[in-house]
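Subject: Structure handover

Hello,

Here is the structure I promised to pass on. Please open it first, then read the notes below.

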Amino acid sequence: VSCGGGRLLKTIENNYTDLELFGVDIAPGFLAMHPELSDITFVTAQADALPHENEKFDVSICSLSMHHYENLRGAIQEIIRVTKPTGQIYLIDIIPGSSWSQKIYNFIKCHEPYHFEKFYTQNELKLLLQEFNCEIIKSSIVTKIPRVITLSVQKGIASNLH
């Protein structure tokens, strides 16, 4: 979700040639600019309105995009909706470690003028995911400055508790 130029998809394709890969981004025309991605199905859509059927994907990845979404709640809901119940969700983004660093990140912003900007703490994301019956099962720091974290998310926590 929000695959941009498709670098992550291409890396995945190079390492796992037997996968069927899909990319979604709000910006049209990436395939024309990147013919090397011809084996990847690409669609133009917003993250909060994915054009895929329910529970289609085994793995859903959203990388370095959540802070750009005006409707994060809708995007998270859509990512969960299109992921199979036993599927894996990976949310990768700049995630401040405290409310102070969050204020600094939100003040500095990204220098791309066409994006909405809000950086979320891990606790804010945890609470949002819980609203959709999901939980963060692993948190891995990718870089410290800026603080990029991969969140591994599991669906259906309420059903696992009974």
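The mean pLDDT of the protein chain is 87, and 86% of its residues reach 70 or more. pLDDT is the predictor's confidence in each residue, from 0 to 100.

Some ground rules. This is a predicted model, in which local features need pLDDT of at least 70 and side-chain atom pairs count only at pLDDT 80 or more, while totals for chains, interfaces and linings use all residues. Residues are numbered from 1 along each chain as its sequence is written, and side-chain values use heavy atoms, leaving out hydrogens and water.

**Overall layout**

The protein chain has 6 helices and 6 strands. These are DSSP runs, numbered from the N terminus: helices are H or I with at least four residues, strands are E with at least two. Along the sequence the order is α-β-α-β-β-α-β-α-α-β-β-α.

Of the 162 residues, 41% are buried. Buried means under 20% relative accessible area, exposed means over 50%, and partly exposed is in between (1.4 Å probe, protein chains only). The chain exposes about 9,700 Å². Carbon and sulfur atoms supply 56% of that area. Areas come from the Shrake-Rupley method with a 1.4 Å probe; for residues, only the protein chains shown count as cover.

Now the contacts, meaning heavy atoms within 4.5 Å. Take those with a separation of 6 or more: 59% of them join residues 24 or more positions apart.

**Helix α1**

Helix α1 spans residues 7-15, with Leu9, Ile12 and Glu13 buried. Those buried residues fall within an arc of 100° seen down the axis, so they line one face of the helix. The arc is that of the directions from the helix axis to the C-beta atoms. On the other side, Arg7, Asn14 and Asn15 are exposed. The cover over the buried residues of α1 includes β1 (22-25) and β3 (57-63).

**The cores**

A nonpolar core is a set of buried Ala, Val, Leu, Ile, Met, Phe, Trp, Tyr and Cys residues joined through side-chain atoms within 4.5 Å. The largest one has 28 residues. Met66, Tyr69, Leu72, Ile76, Leu91 and Leu129 touch the most other members. Elements giving two or more residues to this core are β3, α3 (72-82), β4 (83-94), α5 (122-131), β5 (134-143) and β6 (148-155). Helix α3 gives the largest share, 6 residues.

Leu72 touches Met66, Tyr120, Leu125 and Leu128, not counting residues up to four places away in sequence. There is also a second, separate core of 6 residues. Cys3, Ile12, Leu21 and Ile40 are among them.

**Strand β6**

How many of the 8 residues of β6 are buried? The count is 7, so to speak a mostly covered strand. Strands pair if DSSP finds at least two bridges between them. β6 runs antiparallel to β4, with 6 bridges joining the two. Here Ile94 stands opposite Val148. β6 also pairs with β5 in the antiparallel sense, over 8 bridges. Thr143 has Val148 as its bridge partner. β5 and β6 form a hairpin, with 4 residues between them.

**Gln102**

Gln102 lies in helix α4 (residues 99-108). It counts as buried because its relative accessibility is 11%. Beyond its neighbours within four places in sequence, Gln102 is in contact with Pro96, Lys118, Phe119, Tyr120, Thr121 and Glu124.

Best wishes
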